[in-house]
Amino acid sequence: MASFRREFCILAILCCFVLLVAAIAWRPTGFAQSAKASIHLEFRPIPFLLDNSETLQKHAPETMAGGVAVFDYDNDGNLDIFFTNGADIADLKKTSSKYSNRLFRNNGDGTFTDVTEKAGLAGTGYDIGVAVGDYDNDGHEDLFVAGVHHNTLYHNNGDGTFTDVTEKAGLAKPDKEFGPLWSTGAAWVDVNNDGLLDLFVVNYVSWDVHKEPHCEFEEKPEYCHPKFYKALPNQLFLNNGDGTFTDISSRSGIRAHPGKGMGVGIADYDGDGLPDIFVTNDKLFNFLFHNKGNARFEEVATETGVALPEQGNAISGMGVDFRDLNNDGFPDIVLVALQDETFPIYQNNRDGGFTDITAKSGMALLSNPMSGYSANIADFDNDGWKDIFVSRGDVQSLAMAGMRKVEQNNTVFRNLAGAKWSALTEAAGFTAQPPRRHRGAAVGDFNHDGKLDIVVTALSAPAELWINDSPDGNHWLELALEGTKSNRDAIGARIRVVAGGQTQFNCVSTASGYASSSAAPVHFGLGAAKMADEIEIRWPSGIVQKLRNLQGDRIIHVKESQ
């Protein structure tokens, strides 16, 4: 037995050594990075408490609430915050003001004012996700709010108020086959490059409060595994250009693939000029909908290598982000899952496929004990490499705390020059607040200091605003793009920035994380470079625009050239 143990230990050491060598060997080209740089954020309170109507019966929607949006609703140059909120779980109605959705106006001095009532955004149902986009190209950001058996489209009137236009827009029609749908989120995307933002809605499972499956832990009700619920198809609505939408879910190919959708990421992964759609599924294969043109899609997750992690097991896919991590010009995919499932990273091979680099990059070892909900890719230390923020918390109730870590602190994974990851929890400042069951998260620079901040929600707990006070030294640049009268948001635009002889890329998309939306200027860390040597913008219209020798540490407003 002793001999067996010695051999086992030697084998384990050799395996760890091989993984370490593989992680060190994976080094894409790009920015050099100082090991001294770090990421730190300071907690600031914001007066919103997410009320998910938690009951002893443990109804499934209770553990899924918590979307948040960052956007400038009044065009004053300051980023505002919108929170979705729950409702009475028995009838899915906001029977009390405690269930109200909330809009906080950024006053520009470090404070926020609740303007929900004036804006008309309190809501009426059990709301979960939110997507930001200017669907009618009037220069004002609109909101789509996804929820349980009820979605809402709010038109921004441009005077600080919003109008519910769901019925008028044709988005309130019930599904004849599946009945009431439970939507967890959505994304605005121009699928046919006609300059009008279309709407992709992520649907979860078929659920009825009166037919909840009975699941127990120690003879007490507990949230059920998704296998006990019927899958639902996602939806795609084409913008008609007159304030209305047409459901093209069937003819687009989207409806043919029912799933248990949790998150959505938008990017042109194969460089053909058409936006593609990635959807995480809960304990099912993920979906990658490849855009074939003419608003038609084929599901290619298996053949491209992103349907399952490399171990081949179905995981609890939660939030996702779809952006370039290694500065090679091709968007990669990061999603988060629950404890013992890791946070998969799929690297774009630049040939139409992806490779699972979760273990090779070191992420598997770091994330295995964690449960995550939102994944947001952004450069938090302005070193030119995009990092990954994860809002953490488990799906189970607090009654399971003795079996697994239900409440957790958030974590930011610092990108070490594209080679591996450094997990920062305490060092980043997140332990300044108690662990929670965190859910949605969105990113933006709230105080105009050139550092990206984060806002996060948590079940039955106050929201958390994290102001980035990382050490100074690196420079930055933000691009606020404005398209022509069509696609004013410039969603789908691809940007290349060259600074200090190095190159990085990003794309314009407000879809990010879990049930959340970040509609802010596109942020680039420049490292030691004080200016951008060249900026190339490929607009969704096909126009390519180049800017040269631009001073950093500022927001640059760019209008699409004619």
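Strands, as named in this report, are DSSP runs of at least two residues in state E, numbered from the N terminus. The structure described is a predicted model.

**The largest cavity**

With that naming, β10 and β16 (261-267) each supply at least two residues of the lining of the largest cavity. This cavity holds about 80 Å³ of space. Its lining is made up of 14 residues, and A186, V264, G513, A515 and S516 are the closest to its centre. By class, 8 of the lining residues are nonpolar and 6 are polar, with no charged residues. In total, the structure holds 3 cavities of 30 Å³ or more.

**The sheet that contains β10**

Strand β10 also belongs to an open sheet of 4 strands, in the order β10-β11-β14-β15, with antiparallel pairing. Its edge strands are β10 (183-189) and β15 (245-247), each of which pairs on one side only. From one strand to the next, the twist averages 25 degrees. At the β15 end, β14 (residues 235-239) pairs with β15 in the antiparallel sense over 3 bridges. Within this pairing, N239 has F245 of β15 as its bridge partner.

**The largest pocket**

The largest pocket has a volume of about 1100 Å³. It is lined by 49 residues, and those nearest its centre are A480, A519, A520, P521 and V522. The strands that each supply at least two residues of this lining are β20 (320-323), β24 (372-378), β28 (438-444), β31 (475-482), β33 (502-507), β35 (522-527) and β38 (555-559). The largest share, 5 residues, comes from β31.

**Strands β31 and β38**

Two of the strands that contribute to the pocket lining, β31 and β38, run parallel and are joined by 5 bridges. A480 stands opposite H557 in β38, and A480 is also among the residues nearest the centre of the largest pocket.

**Backbone positions with positive phi**

D553 has a positive phi of about 60 degrees although it is not a glycine. This residue is placed in the loop between β37 (544-551) and β38. D553 counts as partly exposed because its relative accessible area is 33%, which lies between the limits of 20% for buried and 50% for exposed.

A295 likewise has a positive phi of about 60 degrees and is not a glycine. The loop between β18 (287-293) and β19 (296-299) contains A295. Here the relative accessibility is 4%, so A295 counts as buried, the limit for that class being under 20%.

Definitions and conventions:
Residues are numbered from 1 along each chain as its sequence is written. This is a predicted model: local features need pLDDT of at least 70, side-chain atom pairs count only at pLDDT 80 or more; totals for chains, interfaces and linings use all residues. Side-chain values use heavy atoms; hydrogens and water are left out. On a 1 Å grid over the protein atoms alone, a cavity is a set of points where a 1.4 Å probe fits but cannot get out, and a pocket is an open set with protein on both sides within 12 Å along at least five of seven lines; lining residues have an atom within 4 Å of a point. Grid points are joined across faces, edges and corners, and a volume is the space filled by probe spheres set on the points. Two strands pair if DSSP finds at least two bridges between them. Axes are lines fitted to C-alpha atoms, for helices over the stretch in contact, and angles run from 0 to 180 degrees between N-to-C directions. Ala, Val, Leu, Ile, Met, Phe, Trp, Tyr, Cys and Pro count as nonpolar, Asp, Glu, Lys and Arg as charged, and the others, Gly among them, as polar. Buried means under 20% relative accessible area, exposed over 50%, partly exposed in between (1.4 Å probe, protein chains only).
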